[in-house]
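Student: I would like to go through this model and ask what stands behind each label.
Tutor: Then let us look at it together.

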Amino acid sequence: MTLAEERNWHPMPVDGYPTPTSDLQTATEKILQDCLESQISGDSAHIPALQKNAHVQFLLRNLVQGFPARYTSQDASQPWLIFWTLQGFSVLGVGLDEQTKTRAIDTLLALQHPSGGFAGGPGQFPHLLPTYAAVCAMAIVGKGGEGGGWEKIDREGLYDFFMSLKQPDGSFLVSHYGEVDVRGIYCLLAVATMLDLLTPELLEGTPEFIAACQTYEGGFCNASFPDWALGLGNAKGKSFSTDSRPPLGEAHGGYTFCATASWILLQPYIQTCYSDKPKPHIQTSALLRWLTQMQGSEIELGGFKGRTNKLVDGCYSWWVGGCVVLVEGLLGLGEQDKDAEHEQGKSDEEDAWDDVDDSLFNRRALQEYVLFAAQHSAGGLVDKPPKGPDAYHTLYCLSGLSAAQHHMFPSGTRRKEVSEAWKDGEKPADAQLTKLRHDAFVSSLSWVEEEGTAKYIGGEQNRLNATHPLSNLTVTHIEGIMAHFYGQSIPRRGFSAKKSE
Ligand code: FPP
Ligand code: ZN
């Protein structure tokens, strides 16, 4: 049997009218086929090792020597460069020395704007995207107390900054005078959830806005039409209807991740504050169908693409692969069954994830894409060969590989453990706000790895740490920063696998 037969390779059909799109697709299939063939050298079962040392060296070089000149265009994304590097280390299981942590904390705090929020570079205006990257990076390197950096985050300024970006239709500008974009909304919600800044006032209308960004394909686009463009004037005080507001662009994996994660982060608010008004809805089955369609065929080595008729790219391993994990959680797929099995003491072996059909995407194939096609021989990871490595693709290829190795899910048992350990503060607060804070804390920290189900294609040496699907931080880091800002302690994990961190 030839490799092509064994692998069931079917090129994308062409209709005799070549276009730049079909030519690029054909060329990409050839590149990926060559890439696979050159690495298996006759043994079709051979899977490459994850070159952890080379990838650590790649990240380390940028950290120690500074980023090369080609990163100049990312002058306004400096917290991102830091986050991609530090989270790359976390996923690879590399700890940081105190000096590096202090250096990162000082650099990040220097980007905090006097009126709240983080800027992408010194002297720049604050923006939601670098704010998310800076806070996530602080979750990795910071801690409470003197020199730990967390007390230096200006939460009041941040909340005021968020409110100053809020639009009447429930959306947010990414920065003053900037545009509306679901990436910014995700960044705001992730930070507000981590730092205990959620309020009903902040979130009013946001679920309706997110729901209105779902396109006819099932994925989400960057934004939906603002009311002013629809001649509706200022919608404040009117209904935040989803139906009347069409999506503004094309479904894309990056926006779909952001919208889906936002939707999940908004659930505590929806559960708390919608008893007297209709709850907005998204089409979960259409979303899932679109996400699964984004996984490339065998000839594309099972990598993910970001939109219909475009090419597979390693970074979508996280934005789309990670989004399937979110949707699996949203559907509560087998959650009760899994918890019940653990309670009945089902053995790891019986439980083991041997069958890829257990999941809603092909986890084996995605691992193969990252291992065969996304590793650069000089270290670092890439979109696809023959592209060079960069910090962004290095993190998102690794995070996607991790998502394909570990099965993270929102556990009912873990939710109960975290909820039972919750302590209301001494300050009297209104009941709605207390419930919102409690539910946000408990829901975020209910995501754990399903014990005994990790699967490492190519062997245990390819194992990466698990990463939290809502924040792309390890569970240890998200627990640490949330416990600090909510003033809570985190109970020991009961049945859930601890080995992942
Ligand atoms: C198209 O690029 C890319 C976009 C339109 C946006 C991508 C958005 C993300 C990756 C999400 C980022 C998330 C946060 C939190 C900031 P392209 O045309 O070069 O790529 P394509 O051909 O694969 O669509
Ligand atoms: Zn990419």
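**Labels and their grounds**

Tutor: Helix 15, residues 321-330, is mostly covered, with 9 of its 10 residues buried. The model is predicted.

Student: Which residues of helix 15 are buried?

Tutor: The buried ones in helix 15 are G321, G322, C323, V324, V325, L326, V327, E328 and G329. Buried stands for a relative accessible area under 20%. Just after helix 15, G332 has a positive phi of about 60°.

Student: What makes the arrangement around the zinc ion (ligand 2) irregular?

Tutor: The 4 donor atoms around the zinc ion (ligand 2) subtend angles of 55 to 121°.

Student: How do you know which protein atoms are donors of the zinc ion (ligand 2)?

Tutor: Donors are N, O and S atoms within 2.8 Å of the metal. The protein donors of the zinc ion (ligand 2) lie 2.1 to 2.5 Å from it: D313 (OD), D313 (OD), C315 (SG) and H393 (NE2). Their residues are spaced D-x1-C-x77-H in sequence.

Student: Why is D313 called buried?

Tutor: D313 has a relative accessible area of 10%. The cut-off for buried is under 20%, so D313 is buried.

Student: And is H393 buried or exposed?

Tutor: H393 has a relative accessible area of 11%, so under the 20% cut-off H393 is buried.

Student: Why does Y177 count as exposed?

Tutor: The relative accessibility of Y177 is 85%. Exposed means over 50%, so Y177 counts as exposed. Y177 lies in the loop between helix 7 (155-164) and helix 8, and has a positive phi of about 65° although it is not a glycine.

Student: What makes L301 buried?

Tutor: L301 has a relative accessible area of 6%, which is under 20%, so L301 is buried. L301 also has a positive phi, of about 60°, although it is not a glycine. Its place is in the loop between helix 13 and helix 14.

Student: How do you know which side chains make polar contacts with ligand 1?

Tutor: A polar contact is a pair of N or O atoms within 3.5 Å. A polar side-chain atom of H252 lies 3.0 Å from an oxygen atom of ligand 1. For K310 the distance from a polar side-chain atom to an oxygen atom of ligand 1 is 2.7 Å, and for Y316 it is 2.7 Å. Taken alone, ligand 1 exposes 640 Å², and the protein buries 72% of that. Helix 8 (182-194), helix 11 (253-265) and helix 14 (316-319) are the elements that give two or more residues to the shell around ligand 1.

Student: What classes of residue are in the shell around ligand 1?

Tutor: The shell has 9 nonpolar, 2 polar and 3 charged residues.

Student: Where is there a cis peptide bond?

Tutor: A cis peptide bond joins P385 and P386, with omega about 5°. P386 is in the loop between helix 18 (363-373) and helix 19.

Terms used
Residues numbered from 1 in each chain as written. Chains lettered and ligands numbered in written order. Predicted model: local features only at pLDDT ≥ 70, side-chain atom pairs only at ≥ 80, totals over all residues. Heavy atoms only, no water. Polar contact = N/O pair within 3.5 Å; in protein donor to acceptor, adjacent residues only side chain to side chain. Areas by Shrake-Rupley, 256 points an atom, 1.4 Å probe, with all protein chains shown as cover. Helix = DSSP H or I, 4+ residues; strand = E, 2+ residues; numbered from the N terminus. Nonpolar A, V, L, I, M, F, W, Y, C, P; charged D, E, K, R; others polar. Donors = N, O, S within 2.8 Å, 3.2 Å for Na, K, Ca; no water. Tetrahedral: all angles 85-135°; square planar, octahedral: opposite > 155°, others 65-115°. Buried < 20%, exposed > 50% of the residue type's maximum accessible area, 1.4 Å probe, protein only.
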